[in-house]
Structure formats: structure tokens, C-alpha cells
Amino acid sequence: MRSYLNSLEWLRSGLFWRTFFLLAILVMASMMIWFVSFKTLERTPRAQQLTAQITSIVTITRAALTHSAPEKRKELLLDLAHSEGIRIYLRNDADTLDKLEPTVFLTEFSEMMKAQLGKETRFARSVNGNSGFWISLEIEGDHYWLRLDEDRLEPPTTLPVLSWITATLLITLLGAAVISKFINDPLSRLSNAARLLAQGKQAPALPERGPKEIRETNASFNNMVADLARIDADRTIILAGISHDLRTPLARMQLEVEMADLDEQARSGMQSDLSQMDAIINQFLDYAKPIDSLRFDKVNISELLKQVIQEYSRVNYLHLHSAIATDMYISGNATELRRLFSNLIENSCRYGKNPDKLNTVVEIQCSHKTKGKKQGVLISFRDYGEGAPSDDDIGRLLKPFTRADVSRSQANGSGLGLAIVDRIVRRHRGRLRIYNHEHKGFVAVMIFPEMKFK
């Protein structure tokens, strides 16, 4: 069932429908222009043909009435009315007339009829409330109205014509849909692959077939994906290799500090520096960890947050205030999520101290978000420090090896803390937003898709 729905994904494409409607409008406009052109070109021949037919009817009727015996005229008029739909009425000056509509066709037709029957010939579409096609004629000095059916002027729209119009319209719309799908399929595949790549997932190779432009675009995208994968792999190997190689001299330096004859203050300072270096190396390894190595399971995010808060509650200068909803689950990796929360708390400890510079207060909230487009598990961290120096620095903080203020950071971080946070959030199909609170302090808000159980 899911594969069937995925096969219909293109139906939800806005680009498909836009192309479909544009093509449908274009084709229907072309058909309309063709129809108008056809009506324009056939107007004069149809007027000539209709003029010849009606002139013949009038001439024959006049001759029949003129040369028939008086006692036979009534029978002749009834026969004409029954067989040909022709009725003859006496014309009076008091007759109420509704003139023909002044269309291009009727104007041209009327001029042709007057040229055949005389300029005094009059036409009407209704006489004394009786509809039809009325033509005045004169027989031996007497004036008459000759009434014909309206169908002789404008043939009614018949079922075959309606069927032809409906079939043409359906074929046009079907053709527009097929053309739109062929046009948008390559763009849809490219869009899906780019979205997967932006989410940090492996994008499938695009087919290098079709028109030249599509082949070249797909080939360039495939090469870009391969280059990015190779660069990411090289970066992972380099960072992991350098970080791993630094562990041995750091361990040796740690041992030498322990064994060296140093005063307590110098020993404590060197050990602190070595601990900071070891923490930076751990951040390098965390950032370089490949995505494919992660395993996602059902995680009780509420309990995990409580565990992290419990672990950091032993820090004397750190005060954590939390409001956590119970039993909320997401699909994720518990180790990665623990690292995410730890990085945010350590970031607050490093840069978000209270104005007294002695304590750090962090508020942690976890709740359900049921309004808006993005719904799920909402988690927020807020400290009461100075925040980022300016709003322009907010976006840069999520980039690797970036600090908001180097002088204030005392160079005791690698600039990877928030970059790792952002990467972990994106790995879990979540969204992260960071900003300065209006009453001072730094806020990090993230939302993850919630796992629901029936």
C-alpha cells in the first residue's frame, strides 16, 4: 500500500499541477482560437448557402401560391406547414416585431437576402409573440409573412457535437497530465534527492537518461553527491585520526604531570588544560562520527532528560529547573540524545552564567506541541546569561568551529558544541531554533516527531 501511495507522490506536486493547468489552458485556448477561426471562415459560405436555400423556398412558395387555384391555396398552405415547416401569415402594419440580433453572421445574411428578394424585405425573430425566422414577401400586391423554423439559421447543438467537445476536452486534459508528468518527473526526483541530502541521508543516484539537459543535470548531481560523500568520509577519517593520535601524547603528559614534582596550583592548572584538550578531542570524535553507524530505537525522551538532569545536579554552581511531561517517546539514539542535552547544558555553563558570574541557572522544558504545522515533542533550554552578542551571530553559532565571542570564550571550547547539537537534531528529523531571550539569556528550542502507539 505504501509503495502504491509513493507512486502517486507526483500528484501532490505543486509544480505538476501548475504545469498541468498551464498546458490545459494553452491547449484549450488553442482550441478556442481554432473554433473561432473556423466559425469566421465558414460564416460567408454558410450565409451564401442559407441565402440560396431560403430564396428558393420563398420563390417556390410565391410561385405556388400565385399559380394555384384559390380553392387549393388553403390545402397548399397546410401541406407546406406540415412538410416543410413553412407558414404564411398576412402582414399588418400593427404587427409587433422583434428584430434579429445584429450579429456579424445575421447582418451579412440579411444583406445577401435583400440583394435577392429586394431592399424592402424585412426580417424578424418574433412577430406578435410567435418566435421563428420571419421574412416579409409580396404576392400580387398583398403583403405576407413567411415563417420558418429557427433551426434553419442556427442548427441546434446535437449529441454528436457535445460528444465531440467532451471527448476533445478529456483527451486534452489527459494529454496535459501525461506531458506534465514527463516534464516534472526529473525535477521531482532531483528535489527528493536534494531533500534527502539536506537531511544528511544517502541520496539515490539519479538516472542519467532522457534529454541532454536532464542527463547533464543528473550527472552533475550524482558527481556532487559522490564528492560530498568522499569529502565527508575524508573529514571523518582525518578528524578521527588526528584526535586518536593525540590521545597517546595527552595520556603521557597526564602521567608526567602526576609524577612530576610540582606544587599543587601548577599541577591543578596543567590538569585543567589537559582535561580541556581531552574534551575538545571528544567533540572532534563526536562531530566526525558517521551517520550510518547510528541505530535508532524507541526512546523515552522524558526519562532520558530526567537522567541527564540528575547527573548534572551534582555540579554545585549549576541550578537546573525543569518541567517535563511524562512518557513521551521519539525514534532516536539514546547516546546521541544524551550528548545533545549534555552539550546544551555545558554550553550554558560555559557561556550562560548569571550576571554574578558565579552560578548558572538553566530552565529545561519538555512538552507536547499540538498547534501549528510542526507538531511533536517540544524541548527547550534557557539560561540567564548574556546570550549571543548580536542577532547576526545567531546563525553562525550552528556552524562548526564558530564562537560568538572569542575574547569572552577564553578559547576553552572547540566551537563544535552547537554544531554537534544541530547535527544530532537533524539526524533525528527534528528542527532546531536558537535565539536571544527578550529578557536576556540564550534559548535553544527543538522539536522532534513523536512516536505514537495505539
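Which elements of the protein chain have the lowest and the highest mean pLDDT? Helix α1 (residues 2–7) has the lowest, 43, and strand β10 (residues 376–383) the highest, 93.

## Model and confidence

This is a predicted model, in which local features need pLDDT of at least 70 and side-chain atom pairs count only at pLDDT 80 or more, while totals for chains, interfaces and linings use all residues. Residues are numbered from 1 along each chain as its sequence is written, and side-chain values use heavy atoms, with hydrogens and water left out.

The pLDDT is the predictor's confidence in each residue, from 0 to 100. The protein chain averages 78. At least 70 is reached by 82% of the residues. Over residues 1–7 the pLDDT is below 50. Beyond near neighbours in sequence, that stretch has 1 contact in the model (contact: heavy atoms within 4.5 Å). Residues 406–411 also stay under 50. For them the model has 8 contacts beyond four places in sequence.

## Helix α4

Helices (H or I, at least four residues) and strands (E, at least two) are DSSP runs, numbered from the N terminus.

Phe105, Leu106, Phe109, Ser110, Met112 and Met113 of α4 are buried (under 20% relative accessible area; exposed is over 50%, partly exposed in between; 1.4 Å probe, protein chains only). Seen down the axis of α4, these buried residues fall within an arc of 165°, so they line one face of the helix. The arc is that of the directions from the helix axis to the C-beta atoms. On the other side of α4, Val104, Glu111 and Ala115 are exposed. Gly118 follows α4, with a positive phi near 115°.

## The open sheet

An open sheet is formed by 5 strands, ordered β1-β5-β4-β3-β2, with antiparallel pairing (two strands pair if DSSP finds at least two bridges between them). Its edge strands are β1 (87–90) and β2 (97–98), each pairing on one side only. β2 is joined by 2 bridges to β3 (residues 123–127), and the two run antiparallel. Leu97 has Val127 in β3 as its bridge partner.

## Arg62

Arg62 lies in helix α2 (residues 14–67). Its relative accessible area is 27%, making it partly exposed. Leaving aside neighbours within four places in sequence, Arg62 contacts Leu137, Glu138 and Ile139. Arg62 and Leu137 are 75 residues apart in sequence, yet 8.2 Å apart in space, C-alpha to C-alpha.
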